[in-house]
Amino acid sequence: MPSSVVPRTAAVAAVVSAALAAGLLAGSSASADASADADVRIHDIQGSTRISPLAGRQVTEVPGIVTGVRTYGSKGFWFQDPQADADSATSEGVFVFTSSNPAVAVGDAVKVSGLVGEYIPGGTSSGNQSVTQISKPTVTVVSSGNALPATVTITARSVPRAYAPDGDPAAANSINGLALEPRTYALDYYESLEGENVRIGSSRVVGATDPYSELWVTVKPHENDNRRGGTVYGSYTAQNTGRLQIQQLAPIAQQPFPKANVGDRLTGTTEGPLDFNQFGGYTLVARTLGTVVDRGLEPETTRPQRRGELAVATYNVENLDPSDPQTKFDALAKAVVENLASPDIVALEEIQDDNGAKNDGTVSAEETVKKFTTAIVAAGGPAYQWRTINPENNKDGGEPGGNIRQVFLFNPARVSFTDRPGGDATTATAVVREKGEAALTLSPGRIDPSNAAWADSRKPLAGEFVFRGRTVFVIANHFGSKGGDEGLTSVHQPPNRSSEAKRLLQAQAVNTFVKDILKADRHADVLVLGDINDFEFSATTKALTDGRALNAAVKSLPRSERYSYVYQGNAQVLDQILTSPAVDDFTYDSVHINAEFADQNSDHDPQVLRFRP
């Protein structure tokens, strides 16, 4: 769930303060060399690797022209040497951290003395690269109104195809000590421009405007593009080198940030310093921002199921609780009815308890689900019934006190639920043979809830449904998040993906349960669905499909259409529906109604599968 603007701003301030105390920010006296280096130019400070050769040293009267001033967040200014050296690996610009509003203006010729250092946005545990900067500065304004140094234009041709070098195995796969190769690797190219005044021409938006007033574009219009204007993340080695985050230097109160959806165009010239931040890496902080041109992207609508088809959907409704405005319930309900064509079964994720994040021991979600199903009826949809199991208080992760869980909605006019009582938060359901067919001991029931794989995570919800006389097993999931994983721009290459270990164990547990069903009846119809929080090419998906117990249905789509979420300009798969071998003739639709848009009802796109049992 996206945080509000205020907490994130506060978080940035807290990180800066903590970094000062820990010596991660230039200006920490603990690592300073008292001697001062004179006759230093900015390219001498930047050097030809990611770490300044002058880190920890004082420099005096470094000359340059101010190219950008930031009066919010990490306050300071960028300045650039108009007399570039001949080395393409050394940037001619650098950030000066002032801690308070800087007393300079764009176009000022300045001389800066201060302490050179490396600031790591998010701290060392984040895995982020560092930003070379000068802190505790003494700034002398020599003159004003000067022309700015020549701008570097970032284009499809200037950004290399290869994303990053492999890190040094002797340094935990860090790329810090490697000489920059800006003509070979995209990350090296961007690093060679860190702090410089850069520009892009008209570019396609690949990540919609978010609550923090930023968006993503690509300077490579044909790089893994899809028909709706996005850029698809299809493998760990297809990072999409043309993506670039866009922010603006002007405070939002002074100049509102434009609203853009995926596929829109940021036209004209966007120009400003190239920064590196905690939430996306390399970022063009625009002094001059182009104009957004609306290309008219519309939410998708899937077709209704036919008479003999069972339609099953999964939808993460993003921490839904009764205190949310009625408009959110109405919008989500309208999506179920109109965009998803009222599926027969809907597996919901992130349904919170009846008082949301109020941490008072409440675990029931009766009021939440009742309010949602009432809104669906009001939108013209069916009178869904529901089944769920309340979790133990604060044992399933998510927002503290919220007690998120999965819920089955089903249309009783089309499908029935087989109740097998006794299921609770801690009791595991199992598979038995009943009259020659597979059956659950508890329905609804939880799969292996005592397994350490589910500690502080949502336990899978299993249920038996009957459609036209045929039993269908549905397992709703919400696997562990990617929290703790390093970003694609990490100092470690390849980045560390520590969260995968937990999801791998979770996938193995679900795969084992599905194999138990298939052992009892190899022709059983089984659907495993939900917010898997991992890609169709991941180890998690491979573990789910182990032994051909399941098939990832999203792979039936063309590669360019495989996505349910957009993160940092990459359209990617997080939500999935997987099918047992008997479900071999189906249609699948990732219904794009949220992830590509600035205005969202949820940050996930729902998935729908239709088949004839």
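I count a charge as sitting over a ring if NZ of Lys or CZ of Arg is within 6 Å of the ring centre and within 35 degrees of the ring normal. With that rule I looked up Arg 497, which lies over the face of Tyr 236 at 3.7 Å from the ring centre. Lys 482 also turned up: its charged end sits over the ring of Phe 535, 4.1 Å from the centre.

**Ground rules**

This is a predicted model, so I note that local features need pLDDT of at least 70 and side-chain atom pairs count only at pLDDT 80 or more, while totals for chains, interfaces and linings use all residues. Numbering runs from 1 along each chain as its sequence is written, and side-chain values use heavy atoms, with hydrogens and water left out.

**Around Asp 534**

I take a salt bridge as a side-chain nitrogen of Lys or Arg within 4 Å of a carboxyl oxygen of Asp or Glu. My search of the whole structure gave 25 salt bridges.

Lys 482 came back here, in a salt bridge with Asp 534 at 3.0 Å, N to O. Asp 534 is in the loop between S26 and H7 and Lys 482 in the loop between S25 and H6, so this pair ties together parts 52 residues apart in sequence. (Helices, H or I of at least four residues, and strands, E of at least two, are DSSP runs numbered from the N terminus.)

Arg 503 meets Asp 534 too, at 2.9 Å, N to O. Arg 503 lies in helix H6, so that bridge ties together parts 31 residues apart in sequence.

Which of these are buried? I checked Arg 503 and Asp 534, and both are. My cut-offs are under 20% relative accessible area for buried, over 50% for exposed and partly exposed in between (1.4 Å probe, protein chains only). Asp 534 comes out at 0%, whereas Lys 482 is partly exposed at 21%.

**Helix H6**

H6 covers residues 500-520, 21 residues in all, and reaches 30 Å from first C-alpha to last, close to the 30 Å expected. That expectation is 1.5 Å times one less than the number of residues. Besides Arg 503, I find Phe 513, Val 514, Ile 517 and Leu 518 among the buried residues of H6. The cover over the buried residues includes strands S24 (461-467), S25 (470-478) and S26 (525-531), as well as helix H7 (539-544).

**Rings**

I pair rings of Phe, Tyr and Trp (its six-membered ring) if their centres lie within 6.5 Å; planes under 30 degrees apart are stacked, over 60 edge-to-face, the rest tilted. The whole structure has 16 aromatic pairs. One of them is Tyr 233 with Phe 537, edge-to-face, 5.8 Å centre to centre and 70 degrees between the planes. Tyr 233 is in the loop between S10 (215-218) and S11 (243-248) and Phe 537 in the loop between S26 and H7, so the pair ties together parts 304 residues apart in sequence. Tyr 233 is buried at 4%, and Phe 537 is buried at 17%. I also noted one aromatic cluster of Tyr 189, Tyr 190, Phe 276 and Tyr 282.

**The S10–S11 loop**

Gly 229 lies in the loop between S10 and S11 and is buried at 9%. What does Gly 229 touch, leaving out residues up to four places away in sequence? I get Arg 204, Val 205, Val 206, Val 262 and Gly 263, with contact meaning heavy atoms within 4.5 Å.
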